[in-house]
Amino acid sequence: MKNKVYAVLLSLTLAFGIIGCGKQDGADAAVTVEGPKSEEDKMKKYEEPITLTFAKAEVVTNYPAGSDAQNNALYQMWEDVMGIKVENSILSASDAMTEKLQLAIASDEIPDFAVVDAMTLDSLIKNDMVTDMTDIYEAWATDNLKAVVGQQNNALFAPTISDGRYMAIPVANTLGDSYPILWVRSDWLENLGLSAPTTMDEVFEIAEKFTTEDPDGNGEQDTYGLYLDKDLNGLDAIMAAYEVYSKDEYWVKQDDGSYIAGCTNPEAKIPLEKLANLYEIGGIDHEFAVKDAAKEEELIAAGKIGIYIGYFYSPLMVMKDSVVNVGADWTAVPMPAAEGYGTYKPGVNLNVYGYIYAKKGISNPEAIVVMLNHLCDGFAVPDMDDGNNEFYDKFNELASDPEISAAGPNNLMPFQMQGNINWGEKFTEAIENGETYVDGKNADYQNVISTELSEEMSWAWKKVYLEGYKVMDMDNVRYSDYTGAPTDTMSKTMSLLNTQKLTDYISIIMGDQPVDYFDTFVETYNSIGGTKICEEIKAAME
Amino acid sequence: MQKKISLFTVINTVFLASLALLCLLPIIHIVAISFSDQAAVSANQIGLIPKGFTLASYKMVAKRGAFWTAFGISVKRVIFGVLINTVITVLMAYPLSKSEKEFPARKLYVWILIFVMIFDGGLVPNYLLVNKLGLFDTIWALVLPTAVPIYNIILTMNFMKQLPSTIEEAAMVDGAGYFARFIHLIVPLSKPVIATITLFSFVGHWNSWFDGKIYNNQTSNYPLQTYLQNIISSSDMTNAAEAMENALSNVKTLQAAQLALTLLPILLIYPFLQKYFVKGITVGAVKG
Amino acid sequence: MNKKKTSFLNFRKNWPLHLMLLPGIILVIIFKYVPLGGITIAFKDFYPRKGIFGSPWVGLDNFEYMFLLPDTMRIMWNTLKIALLKILINFPVPILIAILLNEIKSKWFKKSVQTIIYLPYFISWVILAGMILDIFSLEGIINQVLGMIGMDPVFFMGDNKPFLGMLIGTDVWKNFGYGTVIYLAAITGIDESLYESARIDGAGRLKQTLYITIPSIAPIVMLMMILNLGNVLNAGFEQIFTLYSPRVYESADIIDTFVYRISLVDANYALGTAVGLLKSVVSFLLIVTSYKLANKYSDYTIF
């Protein structure tokens with residue numbers, strides 16, 4: 001019997017080999033990449049189409065008839081224009097993508113390229129799975145691309161650097177997407193005879209009045225001054241008015257050269273206390289801590305919330321419903337600083353969609369740069385159409401198809417890219433000049449000037465481009481003082497730390513804990529990894 | 001005196017009836033939402049009766065290709081999964097129901113099963129295995145790792161154990177081998193427990209979502225529950241177009257209609273099998 | 001073992017039995033035992049590129065780190081607390097209802113109630129979560145009813161206290177029908193003559209229940225309790241995963257949800273595996289103990 005058991009154990013050990021083995025060293029022969037033969041070559045079409053596998057984050061649910069994430073006009077267009085066939089070897093909802101990619105890394109079966117976040121990129125680099133892009137980028141990127149992804153002295157590259165080399169290329173997004181805007185119910189301001197706030201202190205005063213003075217005039221105290229949800233969306237923008245940078249993974253360099261986590265800055269007690277007071281008098285939904293954005297926004301739609309810290313595009317998302325439901329009107333106000341603090345600078349993340357990597361060992365890593373070159377000229381530079389941009393022309397042609405337009409042509413592409421173009425001014429100018437076409441964002445421009453849209457959609461598009469965009473000051477932003485790859489402890493504990501911050505902040509706002517509990521929070525935060533991370537950052541920056 | 005209905009009986013009947021109702025209310029509520037007008041739903045006006053009766057959500061679901069693809073995959077999964085589960089369960093339960101005297105190796109087999117009922121390699125090794133076997137994005141990734149339902153085997157084994165041994169002994173005298181006895185005697189006698197484990201396995205396959213999420217790289221291969229879990233949990237919005245998309249798909253009525261449609265097969269199959277499983281489950285679980 | 005020289009495997013006589021077991025055993029070996037080797041990740045600094053074999057050993061580092069995390073004690077305590085509460089409350093409810101149901105004379109009514117209360121057992125947590133989150137929200141139907149009778153709204157899904165109640169409550173709601181069916185069958189099986197002689201002695205309904213019904217089903221009750229012991233570390237991953245939010249981690253984060261997040265969100269597979277392994281070992285000991293107890297006290301043999 002014993003022998004039989006050993007035999008079983010032995011065969012198990014053998015079978016275990018199926019999952020136990022990694023790649024042998026040297027399995028990937030080094031690939032030499034030639035430089036472009038000419039400037040045109042940088043925007044080339046591969047004569048012999050190449051196929052690259054990709055991890056696509058799916059956001060579209062209403063594909064045009066007969067299309068899906070793989071087979072659609074935009075993917076076809078990439079193939080037609082660039083000779084690159086993108087094959088979605090992973091197709092997943094965007095919020096499950098990190099998990100999918102982490103599993104793909106664990107099994108060493110990553111796609112040829114993908115746009116990933118810094119954390120995933122770090123796993124990829126540590127596991128030696130990606131191609132060094134430094135020289136390929138240098139040789140193949142067009143000047144336009146270098147201007148866009150290299151903005152602010154290559155600041156966007158920080159997370160991709162390993163031993164001084166670029167292991168991926170940032171896919172630039174517009175700063176506009178993360179620049180906070182204070183949206184205030186202008187009809188309520190009017191009802192109560194108030195004017196738009198110019199300091200953060202006034203914002204709190206108005207929020208209080210919106211709560212207690214019955215701004216909707218229905219005789220009931222059923223309104224909330226300020227929007228807040230379980231992820232505390234909008235809180236970071238308030239904190240920034242007190243020069244507190246409480247975003248996740250945001251590190252602030254101190255005068256003595258050490259670092260702290262922005263959210264542990266004791267100045268945070270001031271806004272937290274104000275929020276706790278506001279919560280106590282009913283100025284914040286008492287259930288905000290269990291409602292995600294979609295749920296909490298129902299209150300905005302129902303016309304119950306007066307101040308919403310959102311983005312330039314917020315009117316299109318949620319505010320338009322309040323126009324339908326209660327005839328609300330909103331105004332965009334530049335985020336103000338609190339009294340006694342300097343110019344308002346929002347803390348922003350690096351404005352990227354992610355970082356695009358080329359899997360180690362693929363034969364055409366330069367194709368990644370070629371794709372970026374095309375995209376950049378199509379979407380990210382102010383004067384896009386130099387009359388010789390096939391990609392951009394075809395895109396506009398396809399985007400005019402109503403079904404494609406409804407699904408979102410950008411979302412149908414494998415990935416997208418944007419620059420910091422202030423469209424608000426461009427659109428205003430165009431309207432003043434009576435133009436019927438705006439280069440680069442024509443589809444949106446048509447919506448702004450359209451007379452056929454429903455009233456609320458037309459309202460929303462105008463708010464977005466003629467108000468929202470214009471109160472942004474994209475030159476005045478503040479990045480984290482450390483944006484490099486996540487440190488060891490960061491990778492291990494960041495999400496625990498973020499949760500700690502979230503739950504403790506919420507406890508204070510909801511009055512479960514007094515404001516001075518903040519000190520306990522800082523202690524906990526630092527002891528479970530905060531201090532260690534700051535030390536690692538200091539070491540990494542020296 | 002004999003016709004007098006006692007106070008206790010009245011209270012008891014009312015209590016039990018409300019208890020049964022309590023089990024049905026959430027389902028009725030969801031169904032009511034699915035048939036209601038969207039405005040009434042947003043305003044939280046729906047209790048147990050639809051308001052502004054409309055089939056709009058069902059019409060929208062009907063047009064939703066992804067829902068039906070997922071539905072189809074779930075159906076396929078249930079067919080293969082239940083078939084494999086049931087055959088394996090019955091095949092394994094019979095030898096294990098034998099006494100140690102008759103089948104000395106029984107103990108080894110039982111331990112092999114019990115051990116993995118508790119110890120599990122964990123997410124990553126399971127993922128690696130399914131991946132290396134090339135099962136990703138196939139129905140087999142959903143069917144094979146759960147092909148041996150150990151709990152059901154124990155249930156069936158216990159049921160078979162309590163069948164009177166005289167029946168088999170008589171057949172043995174007539175010269176019937178294990179296979180003949182198994183097919184002609186044991187399987188027919190085990191009908192209640194087979195119905196029970198069929199139902200359990202049906203429900204298990206129809207309801208599980210986690211493996212669908214992990215073992216598929218393409219959303220188009222998601223079974224229904226994974227598809228639903230995706231809808232219910234996803235509310236991350238990063239840009240305007242995405243937000244508008246979500247606003248459309250997160251409509252409560254639409255979600256309710258999809259929940260109701262997902263429940264339907266369970267509600268349909270349940271009454272047919274339930275007359276068996278009271279017997280199957282009680283004998284299997286209780287009698288040693 | 002038998003003194004007579006029958007070999008352990010006894011292929012000559014038992015081959016059909018072995019053959020019947022073969023397909024299942026092969027599947028178990030491939031899909032359960034092979035991944036089991038992955039447990040070694042718990043003792044390694046796992047680098048996927050190097051594979052499970054190639055990654056360096058780190059001894060008990062992962063376990064040490066686990067006990068440094070402030071969350072660890074919390075999740076252990078939560079797991080025990082939730083699982084024990086579920087077992088304790090799940091245990092008397094079905095007995096009581098089975099006894100009450102048994103008092104009903106109408107066969108039709110009895111059967112219908114039984115069928116309906118068993119139904120929630122078959123609904124997935126995904127679907128239930130969709131319903132529960134809706135019904136118990138602040139504007140949900142329950143809070144509307146509370147409002148009508150003049151009570152303050154309750155923050156069911158977001159305050160730690162009511163959330164714990166929600167977990168227990170919804171679990172009982174989903175599962176009590178299952179227990180009821182078992183106990184009811186046991187009660188139905190009681191020898192009718194016992195009741196008859198009790199009636200002759202003048203015992204009322206209550207007395208009959210106390211002195212006949214309950215003692216008769218006591219062994220089964222005992223058995224179910226003992227068997228539940230093995231579940232002390234299974235507080236219900238699917239239920240909690242589909243219902244919780246960071247706000248209630250304090251009361252509801254359990255070992256299984258923690259392992260999921262640490263492995264797939266933080267990509268710390270080794271730590272996740274270590275926590276999972278610890279749980280498996282403790283569970284294994286508990287289950288073996290409970291089955292030994294079951295064997296001793298109610299002659300129930302699973303092995």
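Trainee: What makes domain 1, domain 2 and domain 3 the divisions of chain A?

Mentor: Their bounds come from an automatic or database domain assignment. That assignment gives domain 1 (38–176 + 351–412), domain 2 (180–347 + 487–541) and domain 3 (423–471) of chain A. The C-alpha centres of domain 1 of chain A and domain 3 of chain A are 28 Å apart. This is a predicted model, in which local features need pLDDT of at least 70 and side-chain atom pairs count only at pLDDT 80 or more, while totals for chains, interfaces and linings use all residues. Residues are numbered from 1 along each chain as its sequence is written, and chains are lettered from A and ligands numbered from 1 in the order in which they are written.

Trainee: Why is chain A called as compact as a globular protein of that length?

Mentor: The radius of gyration is taken over C-alpha atoms, and the globule rule is 2.2 Å times the number of residues to the power 0.38. For 542 residues the rule gives 24 Å, and chain A has 26 Å, which is close to that value, so the description applies. The C-alpha trace of chain A spans about 80 × 70 × 55 Å along its principal axes.

Trainee: What share of the residues of chain A count as buried?

Mentor: A residue is buried if 20 or more other C-beta atoms lie within 10 Å of its own, exposed if 12 or fewer, and partly exposed in between, with C-beta atoms placed from the backbone. Of the 542 residues of chain A, 50% count as buried. For the 288 residues of chain B the share is 47%.

Trainee: How many residues of chain A are in contact with chain C?

Mentor: Contact requires that the C-beta atoms of two residues, placed from the backbone, lie within 7 Å. By that criterion, 35 residues of chain A are in contact with 34 residues of chain C. Helix 21 of chain A provides the largest share of this side of chain A, eight residues. Helices (H or I, at least four residues) and strands (E, at least two) are DSSP runs, numbered from the N terminus.

Trainee: Which classes of residue make up the side of chain A that touches chain C?

Mentor: Ala, Val, Leu, Ile, Met, Phe, Trp, Tyr, Cys and Pro count as nonpolar, Asp, Glu, Lys and Arg as charged, and the others, Gly among them, as polar. On that side of chain A, 16 residues are nonpolar, 12 polar and seven charged.

Trainee: How many helices and strands does chain B have?

Mentor: Chain B has 15 helices and zero strands, whereas chain A has 22 helices and 13 strands.
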